[in-house]
Amino acid sequence: GHSIQVLKRFNEELLTHRNHLIAAEKAIARTMVPATMAVLTDVLGFLVLFMEDISFYRAYSLFGQFGMVSLLLTCTTLVPILGTMIRLPIPNARHNVRRWEEKFGHWLTGIITGPAKWVPVMIIVLIVSISSYYVPKIERGINYAEAAFKKDTRIIEDLHALNDRMPGIISFNIPIIGPDVDAMQDVDLLRGINQLEEALREDPAIGFTTSLSQYVHLLNYKMYNDAPEMWVIPYDQQLVNQYLFTYSLGGDPGDLSIVTDYDYTNGQLLGFINTMDPAELHRVTTKITNYISLYRDHRYFRNSQLSLSDETTGLPGIGGFAGTSAATRDVSEEEWLKLPVITAALVAIAIAILFRSVAMASLIMLMVTITLLAQYGLAGYFSSIKNWGGNLHFGNLVALSIGMGLGVDYSIYLAERIKA
């Protein structure tokens, strides 16, 4: 795009001066500033991404900045130099601007300066109105499968089939940190874990949970010849210790590794969520977090720590794929407005300096704001129809900051030409 602008200017200067060297000199001189400022706005969009503490964003930012700086060097120097070296033909005056271009320019100017100017204004008002309706519907979570593959592919069908046949494919785990060896064998702790599991299982979206308490249930049940009423955790601490010791003599040392470590100091509650819908997944993970907050102060957990807390918010965290999904959603929640606003502020400052006009910068920012609102509206629409490849998850969020810089490019070229 930038190279086309420079080449267009080179042809215009070649038509005027009829000399390739002078045309190259004039083209470089008259496109250097707008091209530099246009590329700078792109670089600013990538630079804002680099400020985020996310490796994907930073790597993307470095590639983008390197590419744009390289582009600036090539389009403002290499393009006119090559035009001189290969001796591009001098354009004919009557073909420099094609008739259809003149007709289109005349027609469009007539629209935007005459009574019909209200037509594009009303179209913009309609876009803003529709976008404003859909913005509140924006879902900022991510469905990793549908974000990576098309909704109607075999891979997505297989994942949904697996999710239907299994208790779920989104895992979560809640760590339990004990104070010392054998802490996980404590009867009160096991009963507390069991109560937490029973509360979680009441949600239809949680298809399965397991923990050391379930193994103790099973051992007690088997010791009493599968009597239904004995599917309980015994109150006798010595009996529980004996169950686990006896099991360790005949079982493999790694049998219980999924729910506790070798010396029973720490453990975890493991479960699966049977939905990939990001809105529903957010509801379930929030519910799990609320239950952890409720139970961690219960007397059953007085000697152990239920889950780990976020250092910033103090809220309990969960592990597994559900925890990863919740973390990426938090990124989108924090950045979906901040990234574009910071980029817009930096770009506005750059434009104001280039044109020495706050009014020009404000006008261009107004256009970019309308475009940004339309993007938000589109994300809200995709969310409303459950198209999880197009909602505002953290992967698509990158486009907002970059689009802010890219969207200003041709506004700068057009404004510079009007000014000239």
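**Close-up views of a predicted model**

**View 1. K386 in the loop between two helices.** The place of K386 is in the loop that joins α15 (358-384) to α16 (397-419). The coordinates shown here and in the other views belong to a predicted model. K386 has a relative accessible area of 42% and is therefore partly exposed. Although K386 is not a glycine, its phi is positive, at about 60 degrees. Most residues other than glycine have a negative phi.

**View 2. D226, a further residue with positive phi.** D226 belongs to the loop between α10 (212-223) and α11 (237-250). Its phi is positive, about 60 degrees, although D226 is not a glycine. D226 counts as partly exposed because its relative accessibility is 34%.

**View 3. E139 and I142 in the loop between α6 and α7.** Both E139 and I142 are found in this loop, which runs between α6 (118-134) and α7 (144-148). E139 has a relative accessibility of 8% and so counts as buried, the limit being under 20%. I142 likewise counts as buried because its relative accessibility is 8%. A polar atom of the E139 side chain lies 2.7 Å from the backbone nitrogen of G141. Leaving aside residues up to four places away in sequence, E139 touches P278, A279, R329, S383, W388, N391, L392 and H393. With the same exclusion, the residues touched by I142 are A147, P278, T328, H393 and F394.

**View 4. Salt bridges of R283.** R283 pairs with D203 in a salt bridge whose closest N and O atoms are 2.8 Å apart. This pair links distant parts of the chain, 80 residues apart: R283 is in helix α12 (residues 278-295), and D203 is in the loop between α9 and β2 (206-210). A salt bridge also joins the side chains of E280 and R283, at 2.7 Å from N to O. E280 and R283 both lie in helix α12, 3 residues apart, about one turn of the helix. D203 is buried because its relative accessible area is 2%. R283, at 35%, is partly exposed, and E280 counts as partly exposed at 28%.

View 5. The side chains of E197 and R201 meet at 3.6 Å, N to O. Both residues lie in helix α9 (residues 187-201), 4 residues apart, which is about one turn of the helix. E197 is buried, with a relative accessible area of 0%, whereas R201 is partly exposed at 39%. Elsewhere, R9, E12, E13 and R30 are linked in a network of salt bridges. The count for the model comes to 15 salt bridges.

**View 6. A nonpolar patch on the surface.** The patch is formed by L78, I81, L82, M85 and I86, which together have about 490 Å² of accessible area. M85 lies in helix α3 (residues 55-85). M85 counts as exposed because its relative accessibility is 60%.

**View 7. The whole chain, for orientation.** The protein has 16 helices and 4 strands. Its C-alpha trace spans about 100 × 45 × 40 Å along the principal axes. The radius of gyration is 31 Å, whereas a compact globule of 420 residues would have one near 22 Å. Buried residues make up 42% of the 420 residues. The protein exposes about 22800 Å², of which carbon and sulfur atoms supply 63%.

Definitions and conventions
Residues are numbered from 1 along each chain as its sequence is written. This is a predicted model: local features need pLDDT of at least 70, side-chain atom pairs count only at pLDDT 80 or more; totals for chains, interfaces and linings use all residues. Side-chain values use heavy atoms; hydrogens and water are left out. Buried means under 20% relative accessible area, exposed over 50%, partly exposed in between (1.4 Å probe, protein chains only). Contact means heavy atoms within 4.5 Å. Patches are made of residues with over 30% relative accessible area and no salt bridge: like charges are joined within 9 Å, nonpolar side chains (Val, Leu, Ile, Met, Phe, Trp, Tyr) within 5 Å. Accessible areas come from the Shrake-Rupley method with a 1.4 Å probe; for residues, only the protein chains shown count as cover. A salt bridge is a side-chain nitrogen of Lys or Arg within 4 Å of a carboxyl oxygen of Asp or Glu. The radius of gyration is taken over C-alpha atoms; the globule rule is 2.2 Å times the number of residues to the power 0.38. A polar contact is a pair of N or O atoms within 3.5 Å; within protein, one must be able to donate a hydrogen and the other to accept it, and residues adjacent in sequence count only if both atoms are side-chain atoms.
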